[in-house]
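Visitor: I have some questions about the terms used for this model. Please give me the value and the cut-off behind each one.

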Amino acid sequence: MKPTDILKTEHRVIEQVLNCLEAIANLAIRDGRIDTADALQAIEFFQRFADQCHHGKEEHHLFLWLESRGMPRDGGPTGIMFYEHEQGRLHIRGMKDAIENSNHGQTEALKVFAQHAHAYINLLREHIQKEDHCLFAMADNAMTEADRQAMLQAFAHVEKEDIGAGVHEHYLQIAETLAQKYNVPKAEIDPHALQCGCHHA
């Protein structure tokens with residue numbers, strides 16, 4: 001199991017919830033209403049699973065390792081990835097603020113929510129493609145077996161210490177529940193890769 005296999009598997013789950021968010025945003029535009037609970041649950045998934053857990057593994061471990069092997073951040077691939085992570089966080093905050101404003105009766109808030117949601121969806125879909133087909137290949141080619149084992153240990157530390165036991169599984173369940181409600185196909189993933197991400201010792 002390569003560390004990038006774990007990240008790619010998490011990408012598939014993130015894409016599944018992006019599809020759910022897209023359905024929620026489209027309904028907000030079409031019907032002029034939003035299921036606040038579902039929208040907030042999707043946002044929570046992106047904050048905790050996609051950003052804190054998944055991006056945490058990338059930013060604090062994989063990207064820094066690549067930079068320690070000579071990849072420049074300024075003008076380089078990791079710099080672009082860091083920047084796009086920050087852009088995603090801005091859109092998440094925009095979605096949360098829009099939901100709050102919608103709850104207070106601001107009529108334009110749903111349009112703002114949908115704008116941030118669609119921008120976030122497009123950003124992450126393109127971002128994931130860059131990582132899956134470019135950055136991760138660079139990492140795979142550069143890593144020795146010792147490097148891979150050390151990175152797996154680092155990823156396990158994120159799951160256990162930074163995120164907490166059982167949290168990863170909780171957000172996988174949210175991804176499944178939203179997919180069922182919005183008729184989004186479930187991601188085809190290797191369960192072993194997610195298991196390694198959660199429990200690798």
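Visitor: Why is D132 called buried?
Guide: This is a predicted model, and in it D132 has a relative accessibility of 9%. Buried means under 20%, so D132 with its 9% counts as buried. D132 is part of helix α4.

Visitor: What makes the pair of D132 and R12 a salt bridge?
Guide: The closest N and O atoms of D132 and R12 are 2.7 Å apart. The rule asks for a side-chain nitrogen of Lys or Arg within 4 Å of a carboxyl oxygen of Asp or Glu, so D132 and R12 form a salt bridge. Because D132 belongs to helix α4 (residues 109-142) and R12 to helix α1 (residues 3-31), the pair ties together parts that are 120 residues apart in sequence. The two side chains also make a polar contact, at 2.7 Å, and the cut-off for that term is 3.5 Å.

Visitor: Is R12 buried, exposed or partly exposed, and why?
Guide: R12 has 23% relative accessibility.

Visitor: What makes R125 and E22 a salt bridge, and where do they lie?
Guide: Their side chains meet at 2.8 Å, N to O, and the limit is 4 Å. R125 is in helix α4 and E22 in helix α1, 103 residues apart, and the pair links distant parts of the chain. R125 has a relative accessible area of 27%, and is therefore partly exposed. E22, with 25%, is partly exposed too.

Visitor: How do you know that K57 and E159 are paired in a salt bridge?
Guide: The closest N and O atoms of K57 and E159 are 2.6 Å apart, against a limit of 4 Å. K57 is in helix α2 and E159 in helix α5 (residues 145-163), so this pair ties together parts that are 102 residues apart in sequence. K57 has 0% relative accessibility and therefore counts as buried. E159 is buried as well, because its relative accessible area is 3%. Salt bridges that share partners also join D51, E59, E86 and R89 into one network.

Visitor: How many salt bridges does this rule give?
Guide: The count comes to 19.

Visitor: What makes the contact of E10 with K57 a polar contact?
Guide: The side chains of E10 and K57 are in contact at 2.4 Å, and the cut-off is 3.5 Å. E10 is located in helix α1. At 0% relative accessibility E10 counts as buried.

Visitor: Why are α2 and α3 called roughly antiparallel?
Guide: The axes of helix α2 (residues 36-68) and helix α3 (residues 77-103) cross at roughly 165 degrees and come within 11 Å. An angle over 145 degrees counts as roughly antiparallel, so α2 is roughly antiparallel to α3. The contact of α2 with α3 has eleven nonpolar, six polar and six charged residues. The crossing of α2 past α3 is left-handed.

Visitor: What makes α3 and α4 roughly antiparallel?
Guide: Their axes cross at roughly 160 degrees and come within 9 Å. The cut-off is over 145 degrees, and α3 and α4 are therefore roughly antiparallel to each other. In the contact of α3 with α4, 18 residues are nonpolar, nine polar and three charged. α3 passes α4 in a left-handed crossing.

Visitor: Why does K130 count as partly exposed?
Guide: K130 has 35% relative accessibility. That class covers values between the limits of 20% and 50%, so K130 counts as partly exposed. K130 is in helix α4.

Visitor: What is the phi of N183, and why is N183 called exposed?
Guide: N183 has a positive phi of about 55 degrees although it is not a glycine. Most residues other than glycine have a negative phi. N183 lies in the loop between α6 (167-181) and α7 (191-199). Exposed means over 50%, so N183, at 70% relative accessibility, counts as exposed.

How values were computed
Residues numbered from 1 in each chain as written. Predicted model: local features only at pLDDT ≥ 70, side-chain atom pairs only at ≥ 80, totals over all residues. Heavy atoms only, no water. Axes fitted to C-alpha atoms, helices over the stretch in contact; angles between N-to-C directions. Helix = DSSP H or I, 4+ residues; strand = E, 2+ residues; numbered from the N terminus. Parallel < 35°, antiparallel > 145°, perpendicular 65-115°, else oblique. Left-handed = near helix turned anticlockwise from the far one by under 90°. Nonpolar A, V, L, I, M, F, W, Y, C, P; charged D, E, K, R; others polar. Buried < 20%, exposed > 50% of the residue type's maximum accessible area, 1.4 Å probe, protein only. Polar contact = N/O pair within 3.5 Å; in protein donor to acceptor, adjacent residues only side chain to side chain.
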